[in-house]
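Keep it brief, and give the cut-offs.

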Amino acid sequence: MNKLAPTLAKFYCNFFGHKLKISKTVTNHIHEYKCARCRMEMTDTANGFLARLTPKFKETNEYLAEIHQRR
């Protein structure tokens with residue numbers, strides 16, 4: 001892969017916006033998303049906004065998915 005491609009994708013997304021696709025459904029209301037261009041991962045927050053998918057959010061989403069599956 002060209003080293004310049006990820007940089008151009010990030011620039012494009014910063015200028016025009018991300019093209020988010022659902023990569024994982026945690027619960028009915030919480031999803032994890034991945035940008036089709038720059039591969040940035042995001043998730044829904046408790047406030048209903050989107051935030052970058054940090055290790056803490058990943059851990060929280062895994063816990064929520066586990067609880068949701070038990071129901």
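F11, Y12, F15 and F16 form one aromatic cluster. The model is predicted: local features need pLDDT of at least 70, side-chain atom pairs count only at pLDDT 80 or more, and totals for chains, interfaces and linings use all residues. Residues are numbered from 1 along each chain as its sequence is written, and side-chain values use heavy atoms, with hydrogens and water left out.

Rings of Phe, Tyr and Trp (its six-membered ring) pair if their centres lie within 6.5 Å; planes under 30 degrees apart count as stacked, over 60 as edge-to-face and the rest as tilted. The count comes to 3 aromatic pairs. F11 and F15 are stacked, because their ring centres lie 6.4 Å apart and their planes meet at 15°. Y12 and F16 make a tilted pair, with 4.7 Å centre to centre and 45° between the planes.

Helices (H or I, at least four residues) and strands (E, at least two) are DSSP runs, numbered from the N terminus. F11 and F15 are 4 residues apart in helix α1, about one helical turn. Y12 and F16 are also 4 residues apart in helix α1. That helix covers residues 4-16.

F11, Y12, F15 and F16 form a nonpolar patch with about 520 Å² of accessible area together. Patches take residues with over 30% relative accessible area and no salt bridge; like charges are joined within 9 Å, nonpolar side chains (Val, Leu, Ile, Met, Phe, Trp, Tyr) within 5 Å. Areas come from the Shrake-Rupley method with a 1.4 Å probe; for residues, only the protein chains shown count as cover.

Now the charged pairs. The structure holds 2 salt bridges, each a side-chain nitrogen of Lys or Arg within 4 Å of a carboxyl oxygen of Asp or Glu.

| Salt bridge | N to O distance |
|---|---|
| K58 and E41 | 3.9 Å |
| R70 and E66 | 2.7 Å |

K58 in helix α2 (residues 55-70) and E41 in strand β3 (residues 41-44) are 17 residues apart, so this pair links distant parts of the chain. R70 and E66 both lie in helix α2, 4 residues apart.

How exposed is R70? R70 is exposed at 65% relative accessibility, while E66 is partly exposed at 41%. Buried means under 20% relative accessible area, exposed over 50%, partly exposed in between (1.4 Å probe, protein chains only).

H31 lies in strand β2 (residues 31-35). H31 is buried at 15% relative accessibility. Beyond its neighbours within four places in sequence, H31 contacts I22, K24, T25, V26, M42, T43 and D44. Contact means heavy atoms within 4.5 Å.
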